[in-house]
Every structure is written in C-alpha cells, then in structure tokens.
Amino acid sequence: MDVGLKLLFSCVVVFVVFGNDRPAVCGGEALEPLEMMADEAENQCPSFSGSEGAYLDNMEDDAWKMVQKNGNQFVVNDQPFYVNGFNTYWLMVFAADESTRGKVSELFQQASAVGLTVCRTWAFNDGQWRALQKSPSVYDEVVFKALDFVVSEAKKYKIRLILSFTNNWEAYGGKAQYVKWGKAAGLNLTSDDDFFSHPTLKSYFKAHVKTVLNRVNTFTNITYKEDPTIFAWELMNEPRCTSDPSGDTLQAWIEEMAVYVKSIDPKHLVEIGLEGFYGLSTPNKVQHNPNTYAQQVGTDFIRNHQVLGIDFASVHIYPDSWISQSISDVHLQFTKSWMEAHIEDAEEYLGMPVLFSEFGVNANDPGYNSSFRDTLFSTVYKTLLDSTKKGGGGAGSLLWQLFPEGTDYMDDGYAVVLSKSPSTSNIISLHSTRLAIFNSACSWKCRWGCKKKLVSDTFMYHDDL
C-alpha cells in the first residue's frame, strides 16, 4: 500500500479528547465499532507532509518528556505510548572501547529505521571484565562515561531506555558478585540468595542505585534521574529466590528497593524485571505457568506487582526454555495464552500496563527455522494488537535481542540482525507502523467532531499496510 493510503488509514481512527487537561486515553468504550467514509476522512483529517519517516515519527522534538503511566497505559506528552522495542544488554561494554563504540550508534540507527522506540540494557557490570562497579561503590569512570554515551546516543535516535540495576544470573556479576564482595568483607554468607536479605549486601546494592540515579551525564550534563531518555528503572533482571519458595524474602526485597528508588527519583517509572511466574498467592492461576518448577522459584506475579512504587508489570516469554527445546506449535499456543493471562491480570487485578520485556527463539533449537521465528513474532504482535485496539493493558514488547552486523561472537542464539533477516525486519517495521498510527491518532484533537469508532481491522491487521 502506498504512503498516501497509509496516511489515510491514520485518519480512519477514533480520537478521544478529555476535558480538564486529563491525559488522553484511547480505547475501551471510547473505541466503539465504526466505519468512516474515506473521502470524508481525506477531506477533513489533518494532512501529513514530508517523508514517510516523518509520518512515523509521532514525537515532536519539543515533546521529549518523561514516560508516565495513566491507568493501564503508558503516556508521553498526554498521548498513549504503546511500545515496540528490543533488548541489547551489552551496549555499555561496547561503548567503553573505541573500537566497538560505533556499533552502539549503528544499532540505534537500525532500530530507529524500523520504528523501535525502547531499548532495555544493563546499567551494571559488577566486578567483571570492563566492570562498571569494580568493588562496592568503586567505579571505573571510563565505563561510566560509556553508559553516558549510550544514554546520549539513544536520545539522538529518539529511543528510550529501560536500565536494569543488576542480574539474578552470574553474567555481568549480578547477585553472586555481591555475595563474593560480602564474603571478602568477612560476612558469613551461605547462598547467593543472601543478596536479598543481608543488610550489608542490600546496602551495597542501594549505594549502586543511588550512584546511577544521581549520575550527571558527561555528554548531556543531565542527571540520570531527570533524563526523559530513560523510560524506566528495572530493579533486577529475572529475580529469583529459590531458597524461599514462599516468596516472602523476594517480596520484602522488592518492597524495600522500590520505595528506595522512588525516594531518590520519583519521576521515572519503576519495574521489577520478573519473568511472570504465578506463585502461592494465586493458586487458581498457577496452571498458566509453563511448568511446576516455575512456582518454586520465589516469585509471585500478582503479589510482587502490587508493591508500592512498582508502576508496571514485566513478563518474559521463553517457551523453548520453559516447555521444550524442540520447536513446535505448542510454543505458539503457550505464547498466546501466557500473554492473554497476564494482560487480563494487569487490567483486572493490578490496574497497570504490562510489558513483555523479553521474547524470542533460539536458532540452535532442534527444528528451528526463520519462518518459525517470524510466526512467533507475529503471534506476540497480534496478541498485543488485540489489546491495543481496545486501549488495553498490553502495553508493548521488547524482542530478545537486536544485533548489528559484525557482532556474531556475542550471539546467544537469539540475535536478530535486521539486514540478514528481511522477513523478520518487515514484521517488526509493520508492527511499529501500526503502533505509531494508534499512538498519534489517539492524541489528536479532532476539529470536525469525530464520531466514536473503532480502529479498522484493515489498519490493524492487513499485512500489506
């Protein structure tokens, strides 16, 4: 479909305007079934000028404001902000080396070209090679400046960042490194899960959080806690506390750390970093878990996300890790039902957006082919669009993970290189287009008395759009 007709479809959408300067929320009762004559829309809807890229760019230069939450939607500058994004965890380490720094810019440029708007990456590297934090509260300024570069470069390409403070796993240090530091200081520690309960280790972590939040970017001179480029803070990547399956230990840690982050930075959103497993507080929901072990890892999706200071829910999707490694349609069925359950819970129990912050498939899985990956991505995006068109809580997704060319040695099997994956790239770009239209349309103040009508299924789902 040509660009002109694409623009026309952007007008065949509902516009909802609330009084009293309330943020615009699109969906639900405001999006009732509708058909609008194309010629009326063409004559009376606002017109676009410039390139297709300008059309997709629904964020004005002067509107680079903090992402906020309004009910079960993200909003920016009083308009909905449904997310199509990606993960690339190693950006800081690449930026720390002049020989690889250009890959950071290359990645952001490629991501922006297909309309991706949010990147999740690590704001930690604890005690490892190229460590940010070499020991508790001791930092490598070269690496910190590399993180500054990542933040400043993301802004250039209008990509927002979710920054994670530490890892449940040993990669890049994580909770195991904090325990090593504690043992080196003479503490009597018996498990990596002591990270969640020992006062000294919690003080180490809080000190890191405080340092990052109060960091003044050496490229932009903006303090991190004041920078709209940062979408949200993540407490930890995939926290688990298997030593306490009741979930009480991790719950207490989340409660303490969420309030602590907000005490320093009340402006940014905060999320936990959970995988989404249901726990003991909701025995009627554990059937949604991918396996029985998932309810024994000390996490509890609904209970954890009811904590004061947590603004939105996070969920990961890895059927090839959780159900079976061999590729099958069961993976697709699980993906859809897993997402639908969490969207429903986010809307009915939590009253917050849910972001599917990791999803992907490993190219090393038995039976893998690129067609299956495309089908998986389409399943994720279609399930989200079913929520988006109703103004629902399915607020977006972040694929795991996006790589530029020449970084194959970092590939964990999940890497998507856009230039080598044209079909996947097209699926990603199409989803970005749909969300960009929806985000923009729901914020326009219609000057011609729009009727309340539903976003056309042709617009939302037609693969040639």
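This is a predicted model: local features need pLDDT of at least 70, side-chain atom pairs count only at pLDDT 80 or more; totals for chains, interfaces and linings use all residues.
The protein has 15 helices and 13 strands. Of its 465 residues, 59% are buried.

**Overall build**

- Among contacts between residues at least 6 apart in sequence, 76% join residues at least 24 apart.
- The protein exposes about 18000 Å². Carbon and sulfur atoms supply 48% of that area.

**The Phe149–Phe219 pair**

- The structure holds 38 aromatic pairs. Phe149 and Phe219 form one of them, in edge-to-face geometry.
- Their ring centres are 5.7 Å apart, with 65° between the planes.
- Phe149 lies in helix H6 (residues 141–156). Phe219 lies in the loop between helix H8 (199–213) and strand E9 (230–234).
- The two positions are 70 residues apart in sequence, so the pair ties together separate parts of the chain.
- Phe149 has a relative accessible area of 10%. The cut-off for buried is under 20%, so Phe149 counts as buried.
- Phe219 is partly exposed, at 45% relative accessibility.

- Tyr178 sits in helix H7 (residues 174–184) and Phe205 in helix H8, so the pair links parts that are 27 residues apart in sequence.
- Tyr178 is buried, at 0% relative accessibility. Phe205 is likewise buried, at 0%.
- Both belong to one aromatic cluster. Its members are Phe165, Tyr178, Trp181, Phe195, Phe196, Phe205, Trp233 and Trp253.

- Arg160 lies over the face of Phe81. The distance to the ring centre is 5.8 Å.

**Backbone points to check in the viewer**

- A cis peptide bond joins Trp400 and Gln401, with omega about -5°.
- Gln401 lies in the loop between strand E13 (394–400) and helix H14 (422–441).
- Arg130 has a positive phi, near 60°, and is not a glycine. Its place is the loop between strand E5 (118–122) and strand E6 (133–135).
- Arg130 is partly exposed, with a relative accessible area of 26%.
- Tyr172 is another residue other than glycine with a positive phi, near 65°. It lies in the loop between strand E8 (160–164) and H7.
- Tyr172 is buried, with a relative accessible area of 15%.

**Leu274 in its loop**

- Leu274 lies in the loop between strand E10 (269–271) and helix H10 (301–305).
- It is buried, at 1% relative accessibility.
- Leaving aside neighbours within four places in sequence, Leu274 contacts Pro239, Thr299, Asn304, His305, Ser314, Val315 and His316.
- Thr299 is 25 residues from Leu274 along the chain. Their C-alpha atoms are separated by 7.7 Å.

Methods: Residues are numbered from 1 along each chain as its sequence is written. Side-chain values use heavy atoms; hydrogens and water are left out. Rings of Phe, Tyr and Trp (its six-membered ring) pair if their centres lie within 6.5 Å; planes under 30 degrees apart count as stacked, over 60 as edge-to-face and the rest as tilted. Helices (H or I, at least four residues) and strands (E, at least two) are DSSP runs, numbered from the N terminus. Buried means under 20% relative accessible area, exposed over 50%, partly exposed in between (1.4 Å probe, protein chains only). A charge sits over a ring if NZ of Lys or CZ of Arg is within 6 Å of the ring centre and within 35 degrees of the ring normal. Contact means heavy atoms within 4.5 Å. Accessible areas come from the Shrake-Rupley method with a 1.4 Å probe; for residues, only the protein chains shown count as cover.
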